[in-house]
Amino acid sequence: RVFQLISLMDAQLPQSSNEKVELAILWFLDQFRKTYVGDQLQHTSKVYARMSEVLGITDDNHVLETFMTKIVTNLKYRGRCEPVISRTLQFLNDLSVGYPFYSFSLTPATYSLLKRLVKIEAVKFMLQNHTSKHFPFLGVSDNYSLGDLRCRTVFYTALTRLLMVDLG
């Protein structure tokens with residue numbers, strides 16, 4: 001139902017936005033990622049069978065596409081909602097580091113996930129269009145804050161990680 005809600009809410013953009021619902025969706029996506037996205041988890045989980053029946057989502061590649069599309073949508077249309085931008089960037093950062101735990105060494109499974117991430121159109125879009133023209137939170141304004149600078153740092157750090165995987 002959350003995946004259906006994402007489609008409904010994003011279809012109404014940029015007119016409507018609900019910060020609390022967006023934060024709840026991001027929390028759910030992060031929990032879903034930790035529980036159901038991964039090489040071993042997909043094959044044993046009944047959740048993908050049900051998602052395939054209801055939504056046409058058959059594997060974690062499609063889920064990763066949904067994650068990245070949601071991230072790009074939030075960064076494009078919720079640019080002045082700092083809590084949503086901050087949480088969205090944290091989610092992007094977590095995906096770019098690898099799942100489900102932080103690690104300084106890339107395991108083969110983590111590297112495989114990152115290689116799949118960089119093939120997603122939404123990731124390619126971010127790597128090619130990383131300016132304030134496409135992502136308003138990157139713009140400099142008269143009343144910028146330290147939080148704005150942190151958001152930029154997290155965004156470019158995650159993009160750099162993804163670019164490095166893409167470059168090999």
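What share of the contacts in the protein with a separation of 6 or more is accounted for by residues 24 or more positions apart? The share comes to 62%, where a contact means heavy atoms within 4.5 Å. Residues are numbered from 1 along each chain as its sequence is written, and side-chain values use heavy atoms, with hydrogens and water left out.

Let me start with confidence. The pLDDT, which is the predictor's confidence in each residue on a scale from 0 to 100, averages 83 over the protein, and 81% of the residues score at least 70. Over residues 100-104, however, the pLDDT is below 50, and this stretch has six contacts in the model beyond near neighbours in sequence. Where pLDDT is low, the predicted coordinates should not be read in detail.

Now the overall architecture. The secondary structure comes to nine helices and zero strands, with helices (H or I, at least four residues) and strands (E, at least two) taken as DSSP runs and numbered from the N terminus. Of the 168 residues in the protein, 42% are buried; here buried means under 20% relative accessible area, exposed means over 50%, and partly exposed lies in between, with a 1.4 Å probe and protein chains only.

Rolling a probe the size of a water molecule over the atoms shows where empty space is left. The search runs on a 1 Å grid over the protein atoms alone, where a cavity is a set of points at which a 1.4 Å probe fits but cannot get out, while a pocket is an open set with protein on both sides within 12 Å along at least five of seven lines, and lining residues have an atom within 4 Å of a point. Grid points are joined across faces, edges and corners, and a volume is the space filled by probe spheres set on the points. On that basis the largest pocket holds about 240 Å³ of space. The residues that line this pocket are Arg1, Val2, Phe3, Gln4, Phe28, Phe32, Tyr36, Val47, Arg50, Met51, Val54 and Leu55. Two or more lining residues come from each of α1 (2-11), α2 (19-36) and α4 (47-55), and α4 gives the most, with five residues. By class, the lining has nine nonpolar, one polar and two charged residues, counting Ala, Val, Leu, Ile, Met, Phe, Trp, Tyr, Cys and Pro as nonpolar, Asp, Glu, Lys and Arg as charged, and the others, Gly among them, as polar.

Some of those names come back when we look at the aromatic rings. Rings of Phe, Tyr and Trp (its six-membered ring) pair if their centres lie within 6.5 Å, and planes under 30 degrees apart count as stacked, over 60 as edge-to-face and the rest as tilted. By this rule there are ten aromatic pairs. Phe125 counts as partly exposed because its relative accessibility is 23%, whereas Phe135, at 0%, counts as buried. Returning to the rings around Phe32, one aromatic cluster is formed by Phe3, Phe28, Phe32, Tyr36 and Tyr48.

Asp10 is in helix α1 and counts as buried because its relative accessibility is 17%. Asp10 and Lys70 are 60 residues apart in sequence and 8.2 Å apart in space, C-alpha to C-alpha; not counting residues up to four places away in sequence, Asp10 touches Lys70, Thr73 and Arg78. Arg33, in helix α2, is buried at 2% relative accessibility, and its C-alpha lies 9.8 Å from that of Phe91, 58 residues apart in sequence. Gln90, in helix α6 (residues 82-97), is partly exposed, with a relative accessible area of 31%, and the C-alpha atoms of Gln90 and Phe155, 65 residues apart along the chain, are separated by 8.7 Å.

Methods
Predicted model: local features only at pLDDT ≥ 70, side-chain atom pairs only at ≥ 80, totals over all residues.
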